[in-house]
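Welcome! Here is a short tour for anyone opening this structure for the first time. Keep the 3D view at hand as you read.

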Amino acid sequence: PIYTDYFFDEPAFNTHDGGYIPLAVSVAPEQALQIPSLLEPDRQTATDVWYTVTAQAGESQLLPGPKTKTWGYNANLLGKTIVFKRGKHYHITLKNELPELTTFHWHGLDVSGPYIDGGCHAPVYPGEAKEIEFTVDQPAASLWLHAHPCPNTGYDVWQGLATSVLVQDDVEAALPFPRHYGVDDLPLVLQDRHFHENNQWDYDADYDPDGVQGPTALINGTVNPTFDVTTQRLRLRLLDGANRREWRLHFSDDLVFEQIGSDGGILPEPVKMTKLMLTCAERAEIIVDFGHYQPGDVVTLYSDDTPLVKFKIHAFTPDDTKLPDHLVDIDDPAVDPDAPIHKVVMSGMDESVELNGKKFGMQRIDDRQELGKTEYWDITNTNDMEGGMVHPYHTHGGQFTVVSRNGHAPYPNEHGYKDTIGVNPGETVRIKMTFNHPGIFMYHCHIIEHEDGGMMAQLQVYTPEDPHKHYQLMDMDTL
Ligand code: C2O
Ligand code: CU
Ligand code: CU
């Protein structure tokens, strides 16, 4: 089948909140879509790779006139794309050249917490460089790196600290997907900003406890981008990198596309659709086939009615590759019937947001799960349909699978690995989670101002040998 609808309830769209700012059609001149370059290793052997990731401040020409003050990773804005290969061991130097503390969070990466994971408890102070190392052992996926200093994650990400992280493996490499980076395989980081006087951003002026937004779409840090299409098939690695905005994506002519990947990897089967909704921090990989277009045609990607990217069709070699019906196998480990079901209740709006009736406590461990055990987590959004919001629930520490939504089957594109899931008002989503690394991990709403505002908690993944291992945890007061 071809799904022609968004897999979400219209009443749950965050357009219903009083503070919602719609996207505006850009009047800025068209510009070529920025394609972040790939981060080069400092050195590598057959088994090990060394990278340096630097958080830095700079200026970016986003609009005609004055440049915008921005932050990025090894770049003025956003960052270079970081590639990991499954099985290799990575040594990463994290450098902070910013005037304030930040952290480097590997969103979706299966590594130990809390210091390598890079949430609140892994500060890198101004002028400091820290070394971390880990082995990448998870399926090919489109992940991301972003700052996570609590409670300033929203500010850091708004300034630009977010970049794509691609995991590659042999399974994905054998599938008939486009994978020529920057040509037919593109990261598309979807964000929105408000430009003030002299083309500057002003997070504090735009602050909204239900999420900071702006009317201008910023795609890979480009306002009003175009992309020259030179192949029949194009793979887009979409990331909702916005602080609060959800994207309801579709192409001109209701062009059918196929989703091949979700947050944590390739889907078991491709899903054909004309509309796709992404909530904050979610990713989707899609393949678009321009076989019916001629050189000179333009195909536009929209969110609702606002154009985001114009794809300009050039001559291409015919490529009628069809995707197989089955792409990859997804593990479905058994849950111990005696294991308790973890509960997460996201409630409130504005300043009153809470998780399980509490605001986040940096030094409080809210839940526990044993390393390697598979358990259910029930995630509930108590907002009501009248003016409530979809809360994109995210857990650090790996990937989960989606079992059900209010007892019903998950959406057709939710059969693969995920680390973030939109939970509609009045809904309980059951997920199945296995942690493969010990440590302290955050779980929270990924509307970043909800997270910063306290809709967040943390768990300890423990081993039977050392069930109460002590970790040095940050205190809000030390920030
Ligand atoms: Cu993408 Cu706790 O974050
Ligand atoms: Cu994360
Ligand atoms: Cu939320």
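The centres of domain 1 and domain 3, taken over C-alpha atoms, are separated by 26 Å. This is a predicted model, in which local features need pLDDT of at least 70 and side-chain atom pairs count only at pLDDT 80 or more, while totals for chains, interfaces and linings use all residues. Residues are numbered from 1 along each chain as its sequence is written, and chains are lettered from A and ligands numbered from 1 in the order in which they are written.

**Domains and their contact**

- The domain assignment of the protein chain gives domain 1 (2-13 + 177-313), domain 2 (27-173) and domain 3 (342-478); such bounds come from an automatic or database domain assignment.
- Where domain 1 meets domain 3, 28 residues of domain 1 are in contact with 29 residues of domain 3 (contact: C-beta atoms, placed from the backbone, within 7 Å).
- On the domain 1 side, the elements that give two or more residues are β18 (257-262) and β19 (265-273).
- β19 supplies the largest share of that side, with 5 residues.
- Sorted by class, the side of domain 1 that touches domain 3 has 13 nonpolar, 8 polar and 7 charged residues (Ala, Val, Leu, Ile, Met, Phe, Trp, Tyr, Cys and Pro count as nonpolar, Asp, Glu, Lys and Arg as charged, and the others, Gly among them, as polar).

**Around β19**

- A hairpin through 2 residues joins β18 to β19, and these strands pair in the antiparallel sense over 5 bridges (strands are DSSP runs of E, at least two residues, and helices runs of H or I, at least four, numbered from the N terminus; two strands pair if DSSP finds at least two bridges between them).
- Strand β1 (residues 2-3) pairs with β19 in the parallel sense over 2 bridges.
- Look for lysine 272 in β19: it is the bridge partner of glutamate 258 and also of isoleucine 2.

**The enclosed strand β16**

- In strand β16 (residues 233-240), 8 of the 8 residues are buried, so the strand is largely enclosed by the rest of the structure (buried: 20 or more other C-beta atoms within 10 Å of the residue's own, with C-beta atoms placed from the backbone).
- Both faces of β16 are covered, with Arg233, Arg235, Arg237 and Leu239 on one side and Leu234, Leu236, Leu238 and Asp240 on the other.
- Strand β13 (residues 185-193) runs parallel to β16 and is joined to it by 6 bridges; here proline 187 has arginine 237 of β16 as its bridge partner.
- Strand β21 (residues 283-289) pairs with β16 in the antiparallel sense over 7 bridges, and valine 288 in β21 stands opposite leucine 234.

**A four-strand sheet**

- An open sheet of 4 strands has the order β7-β12-β11-β9, with mixed pairing.
- β7 (82-85) and β9 (105-107) are at the edges with a single partner strand each, so one side of each has no neighbour in the sheet.
- Neighbouring strands of this sheet are turned by 25° against each other on average, direction ignored (axes are lines fitted to C-alpha atoms, for helices over the stretch in contact, and angles run from 0 to 180 degrees between N-to-C directions).
- Strands β11 (residues 141-146) and β12 (residues 162-168) pair in the antiparallel sense over 6 bridges, and tryptophan 144 stands opposite serine 164 in β12.

Methods: Buried ≥ 20, exposed ≤ 12 C-beta atoms within 10 Å, placed from the backbone. Contact = placed C-beta atoms within 7 Å.
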